[in-house]
Amino acid sequence: MATQQLRNAIAGSAVDGRRTFDKTSPVDGSLVAQVHEAGREVIDAAVASARKVLAGAWGSSTVQDRAAVLRRVANRIEERFEDFVAAEVADTGKPESLVRELDVARAATNFRSFADTVAAAGMDSYLTELGDGRRALNYAVRKPLGVVAVIVPWNLPLLLLTWKVAPALACGNAVVVKPSEETPSSATLLAEVMTEAGVPEGVYNVVHGFGQESAGEHLTTHPDIDGVTFTGESATGSAIMRAVAPAVRPVSFELGGKNAAVVFADCDLDATLDGLSRSIFLNTGQVCLCTERVYVERSIFDLVAGGLTERAKELTLGRPGDPATTTGPLISQQHRAKVQSYLDLAVSEGATVLTGGGVPDVGADLADGAWIEPTLWTGLDNSARVVREEVFGPVAALIPFDTEDEAVRVANDTDYGLAAAVWTSDLRRGHRVAQRMRVGMAWVNTWYLRDLRSPFGGVGLSGIGREGGEHSLHFYTEPTNVCVQL
Ligand code: NAD
């Protein structure tokens, strides 16, 4: 069978790159596709096609038109649900069940949610009293930002892409998206769906390639983009800030995390252990919101350590289609080498390994995959590098605390500030501690429970700005205030 070719998608056409690179499966190293890398000329064409459509009918489309388009995209994603599942599974090696429940379902929901948000959104108006009896009316109108560069990572490829494309389109922008080089398939498939749903050609463009000195850098340094929305590593966020600095373009950044869970002795232990285990190991620990630091009140430390270890040992690594599989591989050999280096570092920093700690024996047919053992450590404190740096794998350090104030202090002792979870039966304490967390999102007795209207983002190294509901409209539009002397 011929190898699948994944081309750039510009103004409704598939466009060759100047060269191709291989995308391989993290499950067993098999070839998934050859991907056409966009050079500068392809990026120029993509940006020009986005600019052109803004000058045409899309630029003067109504909010109701665009909300209807978004709903058609959501419907079409659902009609092609299995194609998206196959694309996402091929690229990431995640369990199929997870891709169905989380990634593809959320992609459709993203489009519906932002159709609702934009259709319901109002704008401020003020009746201004001038003091001499005269008045003035101030009101603002929203305009699209323009051509938006959307750069996304590999961990939840379609979910994170549509989380940005949906509000961008709802607000009347045109986008040039660059999916991760590790996960090019679902963004390419979405281009087909856009055409099938009647999205005008040029509104959604896809360019493939890497970051530095490749499609990512060519796009972010392009003089004719109007803003960048980015999800990925904090260091990449810094590079993109530098790239857009000369032209002073706005950025929205959802970056890395080193998220804490704070577990009080009065928690519902079983529910907490289930929740904690999910928050550490979901998607093989490759969710920006995943817990990598667990602070546990000393009186239940051993119980929590024992319960979590049991749950980690119950995880089943395996092929995505096997219903028994709970846990897939890491995204790539390169990422596994990074995670493995942290597993080694933890031991040299004095960790006791409760479970895991290395590469599992997954049998000959999976030997070329990027498999890693779910791993838990004790014996570390906040001075250890593995407790300070984002690993982005199925790992967590368990650390005891004695008082609420101490728990808040150690949880907030990080350069990141994305998410936190508090586990307690005392709801007053839950509110109190959650509000004291220096993060964008704090959960109490749950984790990764999302309402797409609520603000999402981080502080410190974890990002700039918030997206979600009306917060997204702020980034994807430029208001013009009109003042009328009455
Ligand atoms: P990454 O930063 O390496 O890559 C993300 C994207 O940026 C890719 O498409 C990549 O090709 C591109 N890129 C890389 N260098 C670039 C450059 N110099 N200029 C322009 N584009 C460039 O991140 P990753 O390894 O793909 O993803 C994992 C990271 O993403 C983790 O740090 C994780 O915490 C973070 N993340 C954050 C959130 C959030 O919402 N805060 C969500 C998911 C993932």
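Seven strands come together in an open sheet of mixed pairing, in the order 15-16-17-14-13-18-19. Here strands (E, at least two residues) and helices (H or I, at least four) are DSSP runs numbered from the N terminus, and two strands pair if DSSP finds at least two bridges between them. The edges are strand 15 (352–355) and strand 19 (441–444), each pairing on one side only. From one strand to the next, the twist averages 25°.

This is a predicted model, in which local features need pLDDT of at least 70 and side-chain atom pairs count only at pLDDT 80 or more, while totals for chains, interfaces and linings use all residues. Residues are numbered from 1 along each chain as its sequence is written. The protein averages a pLDDT of 98, where pLDDT is the predictor's confidence in each residue, from 0 to 100.

Within the sheet, strand 13 (residues 259–263) runs parallel to strand 14 (residues 291–297), and five bridges join the pair. Val262 stands opposite Tyr295 of strand 14.

Helix 13 (residues 404–411) lies across strands 13, 14, 17 (395–401) and 18 (419–423), at about 150° to strand 17; axes are lines fitted to C-alpha atoms, for helices over the stretch in contact, and angles run from 0 to 180 degrees between N-to-C directions. Contact means that C-beta atoms, placed from the backbone, lie within 7 Å. Which residues of helix 13 are buried? They are Ala407, Val408 and Ala411, buried meaning that 20 or more other C-beta atoms lie within 10 Å of a residue's own. Seen down the helix axis, these buried residues fall within an arc of 95°, so they line one face of helix 13; the arc is that of the directions from the axis to the C-beta atoms.

Technical notes:
Two residues are in contact if their C-beta atoms, placed from the backbone, lie within 7 Å. A residue is buried if 20 or more other C-beta atoms lie within 10 Å of its own, exposed if 12 or fewer, and partly exposed in between; C-beta atoms are placed from the backbone.
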